[in-house]
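Visitor: I am new to this structure and would like to be guided through it, one question at a time.

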4 protein chains.
Amino acid sequence: MSQWAFRGRIRVGFQAGIALIVRVWEVRLKALVYHGPGQKSWDTVADPAPAEPTDIVVQVDTTTICGTDLHILKGDVPAVTDGRILGHEAVGTVTAVGSAVTSLAEGDRVLVPAITSCGRCAYCKRAMPSHCQAAGGIGWIFGHLIDGTQAEYARVPFAETSVHKVPEGVTDEQVLFLADILPTGYEVGVKNGRVKPGDVVVVVGAGPVGLAAIQTGALAGAASIIALEPAQSRREHALRFGADVAIDPADGDAEEQVAALTDAGLGADVAIEAVGTPGTFDICTRVVRPGGVIANIGVHGAPTTLHLEDLWIKNVTITTGLVDGTTVPLLLQLVRSGKIAAELYGTHDFALNEMMAAYDTFAEAGRHNALKVVIKR
Amino acid sequence: MSQWAFRGRIRVGFQAGIALIVRVWEVRLKALVYHGPGQKSWDTVADPAPAEPTDIVVQVDTTTICGTDLHILKGDVPAVTDGRILGHEAVGTVTAVGSAVTSLAEGDRVLVPAITSCGRCAYCKRAMPSHCQAAGGIGWIFGHLIDGTQAEYARVPFAETSVHKVPEGVTDEQVLFLADILPTGYEVGVKNGRVKPGDVVVVVGAGPVGLAAIQTGALAGAASIIALEPAQSRREHALRFGADVAIDPADGDAEEQVAALTDAGLGADVAIEAVGTPGTFDICTRVVRPGGVIANIGVHGAPTTLHLEDLWIKNVTITTGLVDGTTVPLLLQLVRSGKIAAELYGTHDFALNEMMAAYDTFAEAGRHNALKVVIKR
Amino acid sequence: MSQWAFRGRIRVGFQAGIALIVRVWEVRLKALVYHGPGQKSWDTVADPAPAEPTDIVVQVDTTTICGTDLHILKGDVPAVTDGRILGHEAVGTVTAVGSAVTSLAEGDRVLVPAITSCGRCAYCKRAMPSHCQAAGGIGWIFGHLIDGTQAEYARVPFAETSVHKVPEGVTDEQVLFLADILPTGYEVGVKNGRVKPGDVVVVVGAGPVGLAAIQTGALAGAASIIALEPAQSRREHALRFGADVAIDPADGDAEEQVAALTDAGLGADVAIEAVGTPGTFDICTRVVRPGGVIANIGVHGAPTTLHLEDLWIKNVTITTGLVDGTTVPLLLQLVRSGKIAAELYGTHDFALNEMMAAYDTFAEAGRHNALKVVIKR
Amino acid sequence: MSQWAFRGRIRVGFQAGIALIVRVWEVRLKALVYHGPGQKSWDTVADPAPAEPTDIVVQVDTTTICGTDLHILKGDVPAVTDGRILGHEAVGTVTAVGSAVTSLAEGDRVLVPAITSCGRCAYCKRAMPSHCQAAGGIGWIFGHLIDGTQAEYARVPFAETSVHKVPEGVTDEQVLFLADILPTGYEVGVKNGRVKPGDVVVVVGAGPVGLAAIQTGALAGAASIIALEPAQSRREHALRFGADVAIDPADGDAEEQVAALTDAGLGADVAIEAVGTPGTFDICTRVVRPGGVIANIGVHGAPTTLHLEDLWIKNVTITTGLVDGTTVPLLLQLVRSGKIAAELYGTHDFALNEMMAAYDTFAEAGRHNALKVVIKR
């Protein structure tokens, strides 16, 4: 897939009467590069190498595009500057290791997760690498503060404390979505929401990350999962991923619809916000019962009004968070034992050099009935 | 089913030329009564009535027999004395309520659980009614310290803090096993064992309560449940109730068999003891990985040797416990939403006046391939 | 203290040559009665008696006034209607018990806490009686939905599941503030905030409930408690109750002041809101570090702006809540063992018939440098 | 302190008429070396250097001796072989760093804790480095599997994920005991025991680690700490470190003594074993109330009899564990804020070259009324 440009032939005398002809190609590595709001291209880029003793380089075998990448392209994430290779999810093969790396070797197949963990700072040690102090308090650095994974090769810092070896028998498609959306749905939605067997859970928004909350909420033993989603195709996905019922906000007030579905009209034990707007967050605060939890997954771009005059007395807990990825190993166990069909998120396949087309499809996911794109070497 | 003995006819003058003929029967209520070790009979017993303002009386519609009842019959539970009606599980209909009872009424269909909760003592208030102080520190009083539920009618103390209304649409068979074995497997096995999504769980013993631990452990998201059980028929049940693999201790050392089934041979995250012998407890301490939990459900009659010389350094947690029943409401939610098939435990049906035959079958459960008996009015 | 009005003399013939003279007084029981916004008076009221089998009546030996009572008097709590006796905290002596009450007797000395618990509903059973379903989803009923404790006698519903016997050797003053502010500070501030040994805790507002959060936060092992409070006298109280430093918002931006006091300027592990205004709540969201907890105690009358555009990524937890009182027994243990000086909150003493003066002092607590008033029979 | 041996003089011609005389000394580094059961000596040893990119070397400024070192000397720890330098606690100064070390530099003052953490394995990532897989499943490697800290210089593997920088203003004596006994008492006793405000805690054994459990248990808000200890001098220490009462097993049955000190004779919420014998462990199982926790800290050399026939019904939790050291940062916060006087454990001071004398004193701690020795450069 890399472009190989023939650069000429060299004749080298070798022994009496024998010469070697060496043909030289230049490898042109390619990657998806951000060039400011609204601008991206599939560019020739430099060949990455380990920069620190704890780095590795991986050949990207499979990657995908995240909703966050679309936000970046809109210019919503100022820390991402012109020239940055995007992408923060990959399954790849190790091609080089730094001098301090002992537990990974060339040829190892690894999952490169969205969050990088230095393993040393107070946040990494408390299993919260989302706030790793090594990069200034944020664990999400790929395709953000350093070059990312929508490329043929990627440099991976703090490799031994960040990547996960992929066990034999697990396909790239099965593990790719453990890089971000599945742990996001599970950690930020289900775990923060403290979903436990028997709970009634409302998930507001059935996009990919909402579906991940639904799928892992069902796995965690919820008695009933109610998806609230205006798009019919997504309501159908919700049911397929484990929701017990999918309701349409157009069919009536969300609070009343949920009340009608719960004992004594009390509402949900847990409300998971998977959209990122003031309106959907507010719905969560109204469908949750006293003593319940509102787990926010949505990426918000604006403040919201919090009705503390109602909520102060309700014994509710509101959580926010970026994924840590600490549950990747257990999600991998569940994939291996067949308890989670993680490959279901991949609805459209592309080759790596079709990256621009993959972006086109993902940017209009609704029109294509797409969840996530799978982009393979 | 009660025996009605005709006691005669009374003629009562009523009005000029008219007389009423009243026919009188004596109702003979029946119950299974313990008469000392090895002795039981289906006796005529007194008609119960509320003794305290917080009591109710229920007509027993469906009941069952517990392994503990067999222990009692062997004489293993000295607190049970001659004349005691046995049984601590029932679905019934309220026939009388004490003067302080406001939230239950005649005709209500209720689940009478194994554990009675006064609602007032420190243990009940911390959601641990297994040690309710009202009856001297033990919440299990039916068929133990007071007359039980293997009877046509039963007096139920502390009714409002103990019984659960059965929702419409739920059958007796679906709710009966929530009186004891399902919450026992879930609370004392799965919850005490802190089973979480992705865990490897070993359940030692696949009798009814072991199966309840398997069923609820699967519901709680275990990645893999390994049942260890010598009887082939029970290994088959184990697989049917949610185990991923069922191994036979005769096929090799348990520790080695489990190690072979777990990554890096580390062993289980959680080992659940569901037999009650020193040997099976010891197996649990050997198949658990460092940092894991051993949850004991088994009723032990003898001390065991604890290898603290190995375990002190292993960061293991050992839990014991009697069921509290605090999870009955959520298990009921799971039954209603179809996530738990609680009726699967009932393999053999009897009428209430076939109680002696029901005991015979249950006492030789292995020969009859029986799990639990369902005894109906 | 009750008013006794002499109603006359009756002469009763008794035996030949002997007569009894009976002198009759009418007892006039008094209580503080709400008469609509801004209106209260010390009125003659009816003599309470048990209305339900689970009721008791107590003679109020010691009571106090809560900030909530001042809110009621402003008309902020519409559920409180004309004629309602106020007050929800008392230490008293049992004078009558309902027919179902077995564990309390006339003469018992009890703490009547702010929250009533039926012991039967799902919320009481999960140790969250603040949302007791018996009174429509709210456990605070005294001086709110039924007559309260600022009276000579008070009827106490669900007595056995609600009140606490006062151990010998504990004074009324030592136990009075366990009715509300101490458990409020501990449960809604420190426990909800998950304060643990070594934490840096910011408490915004050093009124009585903020001081209770400070006192119990220190007890729970916080490494450093920073009080933020504009009033100098309250900052001095803060230091006396266990704060390590008390800062004045007038001395600079709160976020910067807190950052300067914490390692790497990260901010607090836990921020406790003890005022109830949008501004103080917002401060809490800015002084907390990533991964921290904001525990709201304040009673809010208006919505606030929640900066989810900053907070969504910060892994913060926000909690709200009304006190449950489930920690009263353990706070009582701490009082008995001398680990908590609960009597420190009582700065001004009044007799019960000085109730109106007690209100005057408490309403201008700042001017009187008052924390709480102690009103004794 | 190192021995410098003069090895001669070399004359080097330099320029016309000028010569340099170079005097050569050999540095002889010293360390305490194990030579098989009962054998140790203060030997000349090799100069350590970083062996891996993630290593550092520290000059040992202050170290101490642990009870475990005495066990090793008895031959109880077969993994320790002839020639091993002992010791697993130190405060030191970095003298060399491996090529991958970026956050530590020569001259940094660090605490070298008992447990080494690779930061990469599943156990380190779940904050349980006591079972770090890098060294075969055990995080305790100093003075055990590699050379330790009772030496002038020590090589420290996995330095950035293991050591802690010592803040300015904290003395060596204040931080030294955070290497092992304080986190052991806190993590394995108080945290595993889930000690919470208001608890009654029994600590069996008031040696250094028992005292650490007492000191941190008091900090965590226990209402009452009862020390059980036969030696009077240690009972006095117990009271000084925060016990509320110290009882002597010679004064009567431990269970009865504890019952007499607890409400309703229920026993302790938490029993902490800090001796390591079958008898003291058994006492813990008898003094704990139903629903309580037994936290074992003691290092056991023999199995014990576990009375499961009594305990199965008691809802008790038994925990074991080796220290992880994950609480060192928070203990350091508490030291800095003056909430823990960690220097109190050091009762006897020695110079590094008085190591043999320090062992003599510590080996007869009772006779010298010693807790811990402080051994300084």
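**Copies and sheet**

Visitor: By what turn can chain B be laid on chain D?
Guide: The superposition, made by least squares on the C-alpha atoms of residues with pLDDT of at least 70 in both, gives an RMSD of 0.3 Å and a shift of 0.1 Å along the axis, with a turn of 180°. The two copies are thus related as by a two-fold rotation axis. This is a predicted model, in which local features need pLDDT of at least 70, side-chain atom pairs count only at pLDDT 80 or more, and totals for chains, interfaces and linings use all residues. Residues are numbered from 1 along each chain as its sequence is written, chains are lettered from A and ligands numbered from 1 in the order in which they are written, and side-chain values use heavy atoms, without hydrogens and water.

Visitor: Which strands stand at the edges of the open sheet of twelve strands?
Guide: The order is β11(A)-β10(A)-β9(A)-β12(A)-β13(A)-β15(A)-β15(C)-β13(C)-β12(C)-β9(C)-β10(C)-β11(C), with mixed pairing (strands, DSSP runs of E with at least two residues, are numbered from the N terminus, and two pair if DSSP finds at least two bridges between them). Each edge strand has a single partner, so one side of each is left without a neighbour in the sheet: these are β11 (245-247) of chain A and β11 (245-247) of chain C.

Conventions: Helix = DSSP H or I, 4+ residues; strand = E, 2+ residues; numbered from the N terminus.
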